[in-house]
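Have a look at it first, then read on.

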Amino acid sequence: MNASPIQLSGHFRDKRWSTSSWRLKTAAQQPVYDTPEALTGVLERLRQMPALVRSTECASLREQLAQVANGWGFLLHAGDCAERFSDIHRQELTRKVRAMGQMGLLVQHATQQPVVQVARMAGQFAKPRSQNLETVNGVQLPVYRGDIVNDVTANADARRSDPQRLLQAYLYSSAVMNQLRSLSGESLMSLGLGDEAWQLPLLGELSHEERSYRHVVQQLTTILKSAPAGAYDAINLFVSHEGLHLAYEESLTGQGEDNHPYNLSTHYLWLGERTRQLDGAHVEYFRGIHNPIGVKVGPSCKPEELQELVRLLNPNNEPGRLTLITRFGKDRIAQCLPPLIEAVQQMDARVIWSCDPMHGNGIVSSQGIKTRRFQDILSEVRSAFDIHDAEGSRLGGLHLECTGSEVTECLGGSSDIEEADLTTNYTTACDPRLNASQSLELVFMISDCLQR
Ligand code: PEP
Ligand code: MN
């Protein structure tokens, strides 16, 4: 069901789009290469490479998201802040898929509605940064911009932008896709979803929450054991990444089976908070592709600016095309979110609202380690549900940074990670992620909101 088109204002109405029209605009956050010929050669090679997804899969995701935008179902969007080539590992991937599946089951159990699962996976290699340079042990170095650009190791050679990494990023993405496709449609039980997979660390005496979590897990386990394989827990993950490195994205953009242009390296792309300038190259690229897309919206976004973004990115007001992913921080959401919801309501725009409780809640520990508090993350999500309710709107999605193993990157949760524990298993190359049990706990703790 398509809603009426949104009245386009001046910006781009008459301008022709092509896969390379972004090159006429200013592109923020792009790496500088000192070997432009090598870059040209790699981009040419990428243009010849097989598509990683079918446009029909992107269209199917868009239809599923249209249902969410129309009020039925929930979008669970989660995964690493930055994937790393060296972390691409068969068992680790299985653990990530399993953790996503478990979160999905908890959401499905709470909402009794379909859950659309989109992983930050198979291409989440490019990172926007607030500075171009950083000082490490007194030496000034270019910042790490994700494995698609350079290496996180702190020396000048590793931090050089290397065009060959674009090809590696493509090849690693295809390896990940291959494993995801081999698991697709399988039952989550086949990934070893025994009772231990659901265990949360317990703090002494069973609290009320722990008791009810155990009860839900028991119900789920009974359903899973008695349902025919795949009936309830079939693995069905779509993939996504931030559309940041525009030359890479352009090279993998082609004609879909419906004759529209698609980014064929992933199902879903999002536009970051640092690259959503109305007259910028990223918005230009995004407005022309037919994949479902998201845009991150932070505290600096004004209501009129959001309206213009919505007009540019979803001019036909099609539900399922656009997700607004808000990321304000627990203390600012109450002030920032209501005017934006009202602005979108005024234009009767059919969008999905999703809450990213990660990127506005970063803190630095007393030892100088980047972290986030479980309680702050939970608090922003709960506020998002409350504010949408109060505004007569609907929170239709959750956007998390998390992983499938027991890393120690975020503080708190029932495992009660403290500042001193952060160094035990801190492996993220960029932002701190919820570990598997913190992720399950978070989703469980919002069951009451999901049930409304
Ligand atoms: C991210 O999702 O990792 C990210 C950089 O987010 P944002 O653009 O919202 O800062
Ligand atoms: Mn991040």
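## A strand and its neighbours

Let's start with a pairing: β2 and strand β5 (residues 237-242) run in the parallel sense and share 4 bridges. In that pairing, R120 sits opposite S240 in β5. Keep in mind that this is a predicted model.

β2 has another partner too. Strand β1 (residues 74-79) pairs with β2 in the parallel sense, over 6 bridges, and L76 has Q117 of β2 as its bridge partner. To get from β1 to β2, the chain passes through helix α3 (residues 90-111), and this β-α-β crossover is right-handed.

So how enclosed is strand β2 (residues 115-120)? It is largely enclosed by the rest of the structure, because 6 of its 6 residues are buried. V115, Q117 and A119 point one way from β2, while V116, V118 and R120 point the other way, and all are buried.

Now for two loop residues. Q112 lies in the loop between α3 and β2, and N259 is in the loop between β6 (253-255) and β7 (261-263). Neither is a glycine, yet each has a positive phi.

Finally, what surrounds ligand 1? The residues around ligand 1 are C81, P128, G272, E273, R274, K296, R327, H359 and D431. This shell divides into 5 charged, 2 polar and 2 nonpolar residues.

Notes. Residues numbered from 1 in each chain as written. Chains lettered and ligands numbered in written order. Predicted model: local features only at pLDDT ≥ 70, side-chain atom pairs only at ≥ 80, totals over all residues. Buried ≥ 20, exposed ≤ 12 C-beta atoms within 10 Å, placed from the backbone. Pairing = 2+ DSSP bridges. Right-handed = clockwise from strand over helix to strand, strands pointing away. Near = placed C-beta within 6 Å. Nonpolar A, V, L, I, M, F, W, Y, C, P; charged D, E, K, R; others polar.
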